[in-house]
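Biologist: I would like to learn how to read a model like this one. Can we take the features one by one?

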Amino acid sequence: MRAERTGDSAAYEAFLRDFASSVRRIVEAHLRRMRFSLAEVEDVVQEVLIAVHSRRNQWDTQRALLPWLNAIARYKIIDASRRLGRDARVRIDLTEEEWAGIFSSEAFDPERNPADVEKLISALPRGEQGAVRAIGLQGASTKDAAERLGSSEGAVRVAFHRSLKKLMVAARRKGFDHG
């Protein structure tokens, strides 16, 4: 980190790689202990690295680096745990094929009710709309949808799951549920 202050980008990159490796082990152990999906590890590691990078000028070079890094990592892991805990309470565990299959039912048949489907999707937040259209209507994989939307697979998966839950509730309210 001190070398970064003097413009040594190679040393800074090496530091970030080493730090990422350490944080990855810590995050993985924490998520495993909390019984969260390990698919989220890379997203949390990236959040920590972004926070360190964006706040690197706030570190006082007269103080030890490790406590500063640990504080950032700890807070990002806590934030992720809270978010994952909230997501776990509303998550419905189905495969991507099962989620996408929801749109093949009569209630969400784009051929039969395109205006109804579009009205429901348009009521979602913008990021969730993109995930639903890419995965649910166009049949893209989570990976392809993430690339198209410029997001991580984990974020797209969460957005898709959240949006489908909202769509199911909205469809029932509007009388589209035939079951």
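Modeller: Start with what counts as an element. Helices are DSSP runs of H or I with at least four residues, numbered from the N terminus. Glutamine 129, for one, has its place in helix 7, residues 126-137. Keep in mind that this is a predicted model.

Biologist: How many helices and strands are there in the protein?

Modeller: There are nine helices and zero strands. Read from the N terminus, the order is α-α-α-α-α-α-α-α-α.

Biologist: What is the mean pLDDT of the protein?

Modeller: The general idea comes before the number. Where pLDDT is low, the predicted coordinates should not be read in detail. Here the mean is 80, and 78% of the residues reach 70 or more. Residues 106-110 stay under 50. For that stretch the model has 18 contacts beyond four places in sequence.

Biologist: Next, burial. What share of the residues is buried?

Modeller: Buried means under 20% relative accessible area. Of the 179 residues in the protein, 37% are buried. The protein exposes about 10800 Å², and carbon and sulfur atoms supply 51% of that area.

Biologist: Which residues touch the most other members of the largest nonpolar core?

Modeller: They are Phe15, Phe19, Val27, Val45, Val52 and Trp68, in a core of 25 residues. Helix 2 (9-33), helix 3 (41-54) and helix 4 (65-90) are the elements that give two or more residues to this core. Helix 2 provides the largest share, eight residues. Apart from this core lies another, of 17 residues, including Leu120, Ile135, Ala140 and Ala170.

Biologist: What does valine 27 touch, not counting residues up to four places away in sequence?

Modeller: Valine 27 touches Val41, Val44, Val45 and Ile77.

Biologist: How do I read the faces of a helix? Which residues of helix 8 are buried?

Modeller: An α-helix has 3.6 residues a turn, so residues three or four places apart point the same way. In helix 8 (residues 142-149), the buried residues are Thr142, Ala145 and Ala146. Seen down the axis of helix 8, these buried residues fall within an arc of 100°, so they line one face of the helix. Glu147 and Arg148 are exposed on the other side of helix 8.

Biologist: What follows helix 8?

Modeller: Glycine 150 follows helix 8, and its phi is positive, near 65°.

Biologist: Let us turn to charges. How many salt bridges are there?

Modeller: Side chains of opposite charge can pair when their charged atoms come close. The cut-off is 4 Å between a side-chain nitrogen of Lys or Arg and a carboxyl oxygen of Asp or Glu. By this rule there are five salt bridges. In one of them, glutamate 4 pairs with arginine 56, with the closest N and O atoms 2.9 Å apart. That pair links distant parts of the chain, 52 residues apart. Glutamate 4 is in helix 1 (residues 2-5), and arginine 56 is in the loop between helix 3 and helix 4. Both glutamate 4 and arginine 56 are buried.

Biologist: Which residue meets arginine 24 in a salt bridge?

Modeller: Glutamate 42 does, at 2.4 Å from N to O. Arginine 24 lies in helix 2 and glutamate 42 in helix 3, so the pair ties together parts that are 18 residues apart in sequence. Arginine 24 is partly exposed, at 28% relative accessible area. Glutamate 42 also counts as partly exposed, at 36%.

Biologist: Where are glutamate 47 and arginine 83?

Modeller: Glutamate 47 is in helix 3 and arginine 83 in helix 4, 36 residues apart. The two form a salt bridge, with the closest N and O atoms 3.4 Å apart. Glutamate 47 is partly exposed, at 24%. Arginine 83 is partly exposed, at 21%.

Methods:
Residues numbered from 1 in each chain as written. Heavy atoms only, no water. Core = buried A, V, L, I, M, F, W, Y, C linked by side-chain atoms within 4.5 Å. Buried < 20%, exposed > 50% of the residue type's maximum accessible area, 1.4 Å probe, protein only. Contact = heavy atoms within 4.5 Å. Arc of directions from axis to C-beta. pLDDT = per-residue confidence, 0-100. Areas by Shrake-Rupley, 256 points an atom, 1.4 Å probe, with all protein chains shown as cover.
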